[in-house]
Amino acid sequence: MRTVVKIALINKENKVLLNLRDRDHPENPHLWAFLGGGVDNNETEEEALLREIKEEIDYELKDYKKIKELFIEKLGKRVFYVGKIDVNIDKLILREGEKIKFFTYEEIKSIKINPLHLEILKERYKTGLEK
């Protein structure tokens, strides 16, 4: 089982950037989800996070921190981060998934989102996204 890193990227309007997964994605297809991906054998979790964000949206991640680690039976370790994104969506180059979009927390409650990612966001909004 492969370790996977995911990040909730937050802009200055306190909106979360989510990625609509491809319809044929092996895990939670065609759901909105955090950006991120698997950790390769030769890299740390943080290196994987930086690489994945660069690969997926061509963004150099600088301001981020780990917020949660989980082990999910049959899937493996999942590591969640929260970070700041300081560019407009039109400056990002989508390379994986169907599309990306910024959402308010209220909007997130009404979309088809990865259930685990929704739970992470619920926890974060109770305590403040950046804490």
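**Exercise 1.** What volume does the second largest pocket have, and which residues line the second largest pocket?

*Solution.* The model is predicted, so local features need pLDDT of at least 70 and side-chain atom pairs pLDDT 80 or more, while totals for chains, interfaces and linings use all residues. Residues are numbered from 1 along each chain as its sequence is written, and side-chain values use heavy atoms, without hydrogens and water.

Step 1. A pocket is an open set of points on a 1 Å grid over the protein atoms alone, where a 1.4 Å probe fits, with protein on both sides within 12 Å along at least five of seven lines; lining residues have an atom within 4 Å of a point.

Step 2. The second largest pocket has a volume of about 150 Å³, taken as the space filled by probe spheres set on the points, which are joined across faces, edges and corners.

Step 3. Its lining includes Ile10, Lys84 and Phe102.

**Exercise 2.** Determine how Ile10 and Lys84 are related in the strand pairing.

*Solution.* Step 1. Strands are DSSP runs (E, at least two residues), numbered from the N terminus, and two strands pair if DSSP finds at least two bridges between them.

Step 2. Strand 1 (residues 4-10) runs parallel to strand 6, with seven bridges joining them.

Step 3. Lys84 in strand 6 is the bridge partner of Ile10.

**Exercise 3.** Describe the other pairing given for strand 6.

*Solution.* Step 1. Strand 5 (residues 64-72) pairs with strand 6 in the antiparallel sense over eight bridges.

Step 2. Leu70 stands opposite Arg78 of strand 6.

Step 3. Three residues separate the two strands of this hairpin, and Lys74 in the turn has a positive phi of about 75 degrees.

Technical notes. Helices (H or I, at least four residues) and strands (E, at least two) are DSSP runs, numbered from the N terminus.
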